[in-house]
Amino acid sequence: MPLRVLYAPTHYTPVVHQRVGYPTFPATWHFARLHMPLLRWMATRPEHFTWKAPEAEHEYNPVGEVIARERWSNIHLSTARMRDVLPTAHRVIVEGPFTVLMDALLAGLPVLGLSHSAWPVRPRAKAYFGCILQSFTTAEDAIRLVQQFLEDPDAESRYCVPVIEPWRGLYAKFVAPVGASSRPLPRRLPSAAVLVRPGEAPG
């Protein structure tokens, strides 16, 4: 069975996010210089990819039209809730150390976080996530990191970290990985969790 991979990009961000210092890309660079090369590369791969679009897109998202036009059979766009698509994945790729990265870790899934070199990441977050959080500058960098992640036979141990117990109680439910059905599904985890090391109480 082909590996099922969930790719959760940051969306094409409204100007208001740029004004408040939200880490983001210029929309044209994001689509043309990063996502299009990634999509073309994915189309050559044996894995099946779900490209996760926001449930409520604030700006036009061309990815669905590109997938349909190119007839890429191993890539599909999803606007479903994250809690509904996570249980379908074997591995997860996200852009940046955001909430979805913690969602995937709580689901018990191997996850790769692609963080652009221009984005500031706190040293404690880097130390906590280890190889999960990887810096990139170009699309070629990102593709190389994704390929290493997908082809790593030890990804289930290498790209996972222990869930922070004090934060676990903030969830009413948990996501089950592929093949499991006993655990229910998660709510959001506060982003401050990335600053907490295992065994350390959140402050």
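A salt bridge is a side-chain nitrogen of Lys or Arg lying within 4 Å of a carboxyl oxygen of Asp or Glu. In this predicted model, Arg-158 forms such a bridge with Asp-152, and their closest N and O atoms are 2.5 Å apart. Of these two partners, Asp-152 is buried, with a relative accessible area of 11%, whereas Arg-158, at 43% relative accessibility, counts as partly exposed. Salt bridges that share partners also join Arg-45, Glu-47 and Glu-151 into one network.

The structure holds six salt bridges, including the three in this table.

| Salt bridge | N to O distance |
|---|---|
| Arg-158 and Asp-152 | 2.5 Å |
| Arg-45 and Glu-151 | 2.9 Å |
| Asp-84 and Arg-81 | 3.0 Å |

The side chains of Arg-45 and Glu-151 meet in a salt bridge; because Arg-45 lies in the loop between helix H2 (27-42) and strand S2 (48-52) while Glu-151 belongs to helix H7, the pair ties together parts that are 106 residues apart in sequence. Arg-45 is buried, with a relative accessible area of 14%, but Glu-151 is partly exposed at 47% relative accessibility.

The largest nonpolar core has 51 residues, of which Val-92, Ile-93, Leu-101, Leu-114 and Phe-129 touch the most other members. Helix H7 (residues 139-151) gives the most to this core, contributing seven residues. Leaving aside neighbours within four places in sequence, Leu-101 is in contact with several residues, among them Val-94, Val-111, Phe-129 and Leu-133.

Conventions: Residues are numbered from 1 along each chain as its sequence is written. This is a predicted model: local features need pLDDT of at least 70, side-chain atom pairs count only at pLDDT 80 or more; totals for chains, interfaces and linings use all residues. Side-chain values use heavy atoms; hydrogens and water are left out. A nonpolar core is a set of buried Ala, Val, Leu, Ile, Met, Phe, Trp, Tyr and Cys residues joined through side-chain atoms within 4.5 Å. Buried means under 20% relative accessible area, exposed over 50%, partly exposed in between (1.4 Å probe, protein chains only). Helices (H or I, at least four residues) and strands (E, at least two) are DSSP runs, numbered from the N terminus. Contact means heavy atoms within 4.5 Å.
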